[in-house]
Amino acid sequence: MRTSRSELFLGRLLLAVAIILTLLPLISMLSAALQPADRNPTGLVWPTDPQWGNFITAFEVGNVWRLMQSSAFIVLGVVPASLLIATLAGYALGALAPKGGRAILIFFVAGLTIPFEALIIPLYYQSQAMGTLNTQWAVIFPLLGLFMPFSVFWMRAHFINVPRELSEASRVDGASIWQEFRQIQLPLAVPALSALAILLFLWTWNQFLLPVVLIANPLDRTVAGALTFFQGQYSLSIPLLNAGALLIITPAIIVFLIFQRQFVRALLQGAVKG
Amino acid sequence: MQEATTGPVRDTGQGEPAATGSAPTGPVVAIPKQRKRRSVGRAGYSAWLMLLPALAVYIGFVIFPMLMGLQYSFYDWNGVGVSTFIGLANYVEVLTNPVLLGSILNAITLILFFTLIPIATGLMLASLIRSMRQGPASSAAQTILFLPQIVPLAAAGIAWSWMYAQTGTVNQFLNAIGLGGITRSWLADYDTALPAVGLIGSWVLTGLCTVLLLTGIGKIDSSLYEAVRLDGAGWWREFFTVTLPGLRQEIAVLATLTIIAALSSFDIIYTSTQGGPGRATLVPGISIFRIGFTQSDVGLASAFGMVLMVLVLLVVLPIQRLSKVND
């Protein structure tokens, strides 16, 4: 089949432009972060004397270490529990298909369209009533619920595709449903689970609205939620603000680069499934 | 209503950026009928036991707050004192107050930047690079295009506010190509703030659209392409007769995702403009936040939340329907 040379060239050219435009804001951040902290930086330049020390200053002044710990605590509160709960529910809906399961599934799927903004006011008063306001739990509990529609949907999609002969065979061998679940289904679900784990990590780590509203002390938020605190601290120093923001996005980028394949696949499948 | 003590404590004055870009919102999907498996006796019982924790957190932290929000929306309440039932007055206020309507209108305008531009660019890129050989270069390209999906939206807001600043990269570029005359502080200008904020959304979402559409194109039967080429079709006809129809499903998914992102944008706007200058970039998320926590009008903010939820459904459901009709 014929693909004209000019078409191929045009395609490559456009792709190159798209890649440059994608990287530009990040490079521009780096360029600003390396300029002297006490001056207003100028555009995109490689500074003659790059101030790598800005990163150390931002790390210390911005309490980045403490923020990372707080974020890690929230991630650990959200991700493992979400995986466990969603796997159970996904298995129940996908493999066991109880009477009324379809209605339950639709009930969950309806939750996919609810914008977090629409719930933020009641969530505030709920966490106040529960006494979790201004602690990390104020973010952890709602995120468990808010991510559940997607997680259940995702795990159900996995379990519904497991050949039912497998479970029939184990049933013949006399395994109970729970034995079958633990010993046969769970090991098979590892790829689906790890993809979901990566997505949930990213969504929790980058969560902004909930921590900003529900946790008054910026140091107890997720790193993304603490960016406003950085903005306030560094409103006079654009280089330090950019250095701080770069420090904050680095862990997510590292995780992304390590799990790239699963990541892109998960996001694409998530988009299609979700 | 329950007694409330303090309003939310805000961190000391900084920008309020906006939106939960990474919220796992997604298209409502078709749920195929499923063969009945074992649904009786112990299996049914175990199944419900396994569903229980998921239902508990979902009902407890999504459905229950939603119902509470619905209840608040009928009251005049400042979050602390006595609440008064005022019926639909809050809804009337949301739908008639020009400031609030303006923020809805801004969100609808953002659909142009969050949905149309990324999908159009994605279609163009994907159909032009369809024939590119798979290899390290193409997977590196995909990795880079995906980066904006990984960066927190709040950080994207910060990165771009710096790009748009008076001494930032955008103006530097314009000066370099002789357009120094139009340079300005893009986010501070009433006329350019909304498009400028919208382009941040384009930046975030174009890579996702391109990569998903590329995957979709890969699934189109290549004999279809050969057939139209044999027919003597040019690039445009090939695009409209093969590529576009073949990607209908992907486009519906992306439209749903990105429209929800536009209507519920918060993070980017909170960190870049906080809704300003004036109300030029005010969107529902920012309005709800301000009305509820700064002005302490909990009822009105809750009503706005309900309206936002309905708005999202009104836009998303027809797309789901449309995408299914021809299947």
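How many positive and how many negative side chains does chain A have, and how far apart do the centres of the two sets lie? Chain A has 15 positive and 10 negative ones, with the two centres 9 Å apart. Here Lys and Arg count as positive and Asp and Glu as negative, while His and the chain ends are not counted; each charge is placed at NZ of Lys, CZ of Arg, CG of Asp or CD of Glu.

A note before the views: this is a predicted model, where local features need pLDDT of at least 70, side-chain atom pairs count only at pLDDT 80 or more, and totals for chains, interfaces and linings use all residues. Residues are numbered from 1 along each chain as its sequence is written, chains are lettered from A and ligands numbered from 1 in the order in which they are written, and side-chain values use heavy atoms, with hydrogens and water left out.

**View 1. Chain A is built from 13 helices and zero strands.** Helices (H or I, at least four residues) and strands (E, at least two) are DSSP runs, numbered from the N terminus. The C-alpha trace of chain A spans about 75 × 65 × 30 Å along its principal axes. Of its 274 residues, 61% are buried, where buried means under 20% relative accessible area, exposed over 50% and partly exposed in between (1.4 Å probe, protein chains only). Take the chain A contacts (heavy atoms within 4.5 Å) with a separation of 6 or more: 71% of them link residues 24 or more positions apart. Chain A exposes about 10,600 Å², and carbon and sulfur atoms supply 67% of that. Accessible areas come from the Shrake-Rupley method with a 1.4 Å probe; for residues, only the protein chains shown count as cover.

**View 2. A:Glu180 sits in helix α8 (residues 177-188) of chain A.** With 0% relative accessibility, A:Glu180 counts as buried. Its side chain makes a polar contact of 3.1 Å with the side chain of A:Tyr91. A polar contact is a pair of N or O atoms within 3.5 Å; within protein, one must be able to donate a hydrogen and the other to accept it, and residues adjacent in sequence count only if both atoms are side-chain atoms.

**View 3. B:Ser265 is in the loop between α10 (248-263) and α11 (267-272) of chain B.** This serine, B:Ser265, is buried at 2% relative accessibility. A polar atom of the B:Ser265 side chain lies 3.1 Å from the backbone oxygen of B:Ala262.

**View 4. B:Trp236 and B:Phe240 share helix α9 (residues 235-246) of chain B.** They are four residues apart, about one turn of the helix. Rings of Phe, Tyr and Trp (its six-membered ring) pair if their centres lie within 6.5 Å; planes under 30 degrees apart count as stacked, over 60 as edge-to-face and the rest as tilted. The B:Trp236 and B:Phe240 rings are stacked because their centres are 6.0 Å apart and their planes meet at 20 degrees. B:Phe240 also pairs edge-to-face with B:Phe239, at 5.2 Å centre to centre and 85 degrees between the planes. B:Trp236 is exposed at 58% relative accessibility, whereas B:Phe239 is buried at 9%.

**View 5. One aromatic cluster takes in residues of chains A and B.** Its members are A:Tyr124, A:Tyr125, A:Phe208, B:Tyr72, B:Trp77, B:Phe266, B:Tyr270, B:Phe289 and B:Phe293. Over all chains, the count of aromatic pairs comes to 36.
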